[in-house]
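The sequence and structure are shown first.

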Amino acid sequence: MANKPSISGQSGGYGAVEVANLTPFLREIKKATDKGTADALMNEANERVAQIVIRAAQSLASTKQQRKAASSLETSSSRMAVKVIGGGKGVPYFGGANFNARTGQTRLIKSPNVRGTRARATTVRQGENIDKVARRVESQYVDSRGRNIGKRQGGTQVTLARSKSGGLRAIKGWNNFTAEGQRPVEWRKNKDNFVYAAVARYYDDIAASYQRFIDDNLGDAFPD
């Protein structure tokens with residue numbers, strides 16, 4: 001059967017599920033019904049899968065901070081894809097709560113720019129000389145959006161925040177992404193606490209949900 005869709009599995013084994021041959025499948029459904037019906041069916045299938053992930057992620061969140069972060073999860077979908085996103089002003093720590101963080105690292109704080117906002121702090125890596133890092137940072141020039149450009153292109157020199165005595169302002173972080181009384185958990189690539197973990201743990205349910213959508217509409221798409 002030409003162009004029959006199939007569940008191709010998690011992309012890279014981490015956080016995504018793909019339906020192969022989805023576009024031609026939807027095209028055939030539209031021929032048998034109409035565009036609005038086909039789009040509605042796909043949106044319904046995407047929403048059903050997103051809710052599986054959201055419920056699973058919220059059940060996997062294990063600390064107060066993680067649970068509050070997981071409560072912000074919502075869907076962002078189009079006809080061809082659905083995403084589960086979280087965070088926002090109410091939970092600015094969403095990334096740290098889900099992915100943990102690089103703890104105990106020194107960060108240099110930058111002075112506010114002309115708009116009164118601060119650029120992202122610069123991390124001093126293990127073994128680096130803090131004064132050498134500071135000189136490198138303050139030799140840079142940026143535009144109003146914080147992008148590196150040359151001095152001749154009208155860039156503003158980056159300056160680091162300092163104390164009244166002239167010492168560099170540095171902080172240690174990010175040590176707050178952990179359960180109370182436990183040691184901070186280090187960030188690790190392809191490792192999180194609840195979002196992608198939910199996709200991995202409930203992959204069979206997600207695949208089955210998409211498979212139901214395929215089976216229910218197979219007759220319309222491929223009547224022969």
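A residue is called buried when its relative accessible area is under 20%, exposed when that area is over 50%, and partly exposed in between. R147 therefore counts as partly exposed, since its relative accessibility is 46%. The model is a predicted one.

**Salt bridges**

Three salt bridges are present in the structure.

| Pair | Closest N and O atoms |
|---|---|
| E44 and R48 | 3.6 Å |
| E138 and R162 | 3.0 Å |
| D143 and R147 | 2.9 Å |

The salt bridge of E44 with R48 is set within a single helix: both residues belong to α2 (residues 35-60), where they are four residues apart, about one turn of the helix. E44 is partly exposed, because its relative accessible area is 48%. R48 is also partly exposed, with a value of 30%.

E138 and R162 form a salt bridge in which the closest N and O atoms are 3.0 Å apart. E138 is located in the loop between α5 and β7 (141-142), and R162 in the loop between β9 (156-157) and β10 (170-173), so this pair ties together parts that are 24 residues apart in sequence. R162 has a relative accessibility of 39% and therefore counts as partly exposed.

In the salt bridge of D143 with R147, the closest N and O atoms are 2.9 Å apart. Are the two partners buried or partly exposed? D143 is buried, because its relative accessible area is 18%, whereas R147, at 46% relative accessibility, counts as partly exposed.

**Positive patch**

A patch of positive charge on the surface is formed by R125, K132, R135 and R136. Of these residues, R136 is placed in helix α5 (residues 130-137). R136 is partly exposed, given a relative accessible area of 42%.

**A buried asparagine**

N100 occupies the loop between α4 (94-99) and β5 (105-108). With a relative accessible area of 9%, N100 is buried. Which side chain does the side chain of N100 contact? The partner is the side chain of N193, in a polar contact of 3.0 Å.

**Residues separated in sequence**

Three further pairs are described by their C-alpha distances. N43 belongs to helix α2 and is partly exposed, because its relative accessibility is 33%. Along the chain, N43 and R79 are 36 residues apart, while their C-alpha atoms are separated by 5.7 Å.

V142 is part of strand β7. This valine is buried, with a relative accessible area of 17%. V142 and G155 are 13 residues apart in sequence, and the distance between them in space is 4.8 Å, C-alpha to C-alpha.

A61 is situated in the loop between α2 and α3 (64-70). The relative accessible area of A61 is 6%, so this alanine is buried. How many residues separate A61 and V195 along the chain? The two are 134 residues apart, and 8.7 Å separates their C-alpha atoms.

Terms used:
Residues are numbered from 1 along each chain as its sequence is written. This is a predicted model: local features need pLDDT of at least 70, side-chain atom pairs count only at pLDDT 80 or more; totals for chains, interfaces and linings use all residues. Side-chain values use heavy atoms; hydrogens and water are left out. Patches are made of residues with over 30% relative accessible area and no salt bridge: like charges are joined within 9 Å, nonpolar side chains (Val, Leu, Ile, Met, Phe, Trp, Tyr) within 5 Å. Accessible areas come from the Shrake-Rupley method with a 1.4 Å probe; for residues, only the protein chains shown count as cover. A salt bridge is a side-chain nitrogen of Lys or Arg within 4 Å of a carboxyl oxygen of Asp or Glu. Lys and Arg count as positive and Asp and Glu as negative; His and the chain ends are not counted. The place of a charge is taken as NZ of Lys, CZ of Arg, CG of Asp or CD of Glu. Helices (H or I, at least four residues) and strands (E, at least two) are DSSP runs, numbered from the N terminus. Buried means under 20% relative accessible area, exposed over 50%, partly exposed in between (1.4 Å probe, protein chains only). A polar contact is a pair of N or O atoms within 3.5 Å; within protein, one must be able to donate a hydrogen and the other to accept it, and residues adjacent in sequence count only if both atoms are side-chain atoms.
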